[in-house]
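Take a moment to look at the model below. We will walk through its strands, then a pocket, then a group of rings.

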Amino acid sequence: MKKKVVFLALAGFFLSLGLGYFFSMDNQEKHTLPTHEETVQVGKREVTVKKEGKILYQYYYTKDAITKEVEEPVPDFLEGLNREQMQSIYNGWQIVYFSPEKVILRCSVEGKSSEVFLLKEYEGFLAVFVEDIDKKMRLKELTDVPVSVLPETEQNQLEEGISVLGEENLVRLLSDFTS
């Protein structure tokens with residue numbers, strides 16, 4: 001009878017020891033896995049952007065808490081880049097999702113989603129005016145781009161003033177003028 005009790009006690013001890021080891025290893029694996037990234041890994045190969053993919057730009061406007069999205073095809077210069085390379089190009093943007101077929105980038109924009117801007121020549125330079133509460137235009141920014149270096153058609157447009165709705169459109173138009 002004593003042999004049975006000793007055998008059961010030893011069996012229970014080793015069973016408890018084995019279960020404890022199993023659960024501690026399982027719990028340790030859960031803590032070491034990254035949970036904040038949403039990169040889709042395909043096998044053991046590095047995930048890179050495909051030419052046929054899409055990029056979704058999300059603009060979050062801080063003053064009216066609205067997020068606007070713009071989806072575009074992958075530009076040639078981004079094809080074949082991995083997540084880290086994309087992050088170095090889109091400094092200041094958060095990569096929300098990354099896969100060969102789709103990349104979602106998000107940034108915060110100070111201002112309202114429906115702000116009205118006016119691009120115009122001011123003291124010989126490209127200037128940005130913003131519409132205030134009284135529907136009057138006030139100078140927001142004076143760029144270092146001389147209007148005289150722009151093509152004549154753009155100079156004529158700036159003489160009249162180019163109306164731009166929203167910060168995202170303003171950023172795009174300014175990048176066109178400065179490139």
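Two strands pair if DSSP finds at least two bridges between them. Helices (H or I, at least four residues) and strands (E, at least two) are DSSP runs, numbered from the N terminus. This is a predicted model, in which local features need pLDDT of at least 70 and side-chain atom pairs count only at pLDDT 80 or more, while totals for chains, interfaces and linings use all residues. Residues are numbered from 1 along each chain as its sequence is written, and side-chain values use heavy atoms, with hydrogens and water left out.

Start at strand 5, residues 116–122. It pairs with strand 6 (residues 125–131) in the antiparallel sense, over 6 bridges. Leucine 118 has phenylalanine 129 in strand 6 as its bridge partner. Strands 5 and 6 form a hairpin, with 2 residues between them. Glutamate 123 sits in that turn and has a positive phi of about 55 degrees. Strand 5 also pairs with strand 8 (residues 162–165), again antiparallel, over 4 bridges. There, phenylalanine 117 stands opposite valine 164.

Next comes the largest pocket. On a 1 Å grid over the protein atoms alone, a pocket is an open set of points where a 1.4 Å probe fits, with protein on both sides within 12 Å along at least five of seven lines; lining residues have an atom within 4 Å of a point. The largest pocket is lined by 15 residues. Lys112, Glu115, Val130, Glu131 and Asp132 lie nearest its centre. Strand 6 and strand 7 (137–146) each supply at least two residues of the lining.

Now turn to the rings. Rings of Phe, Tyr and Trp (its six-membered ring) pair if their centres lie within 6.5 Å; planes under 30 degrees apart count as stacked, over 60 as edge-to-face and the rest as tilted. The structure holds 5 aromatic pairs. In one of them, tyrosine 57 and tyrosine 90 have ring centres 6.1 Å apart and planes at 50 degrees, so the pair is tilted. Tyrosine 57 is in strand 1 (residues 54–61), and tyrosine 90 is in the loop between helix 2 (83–89) and strand 3 (94–98), 33 residues apart.

Are these two tyrosines buried or exposed? Buried means under 20% relative accessible area, exposed over 50%, partly exposed in between (1.4 Å probe, protein chains only). Tyrosine 57 has 8%, so it is buried. Tyrosine 90 has 11%, so it also counts as buried.

Tyrosine 57 also pairs edge-to-face with tryptophan 93, at 5.6 Å centre to centre and 70 degrees between the planes. Ring pairs link Tyr57, Tyr59, Tyr90 and Trp93 into a cluster.
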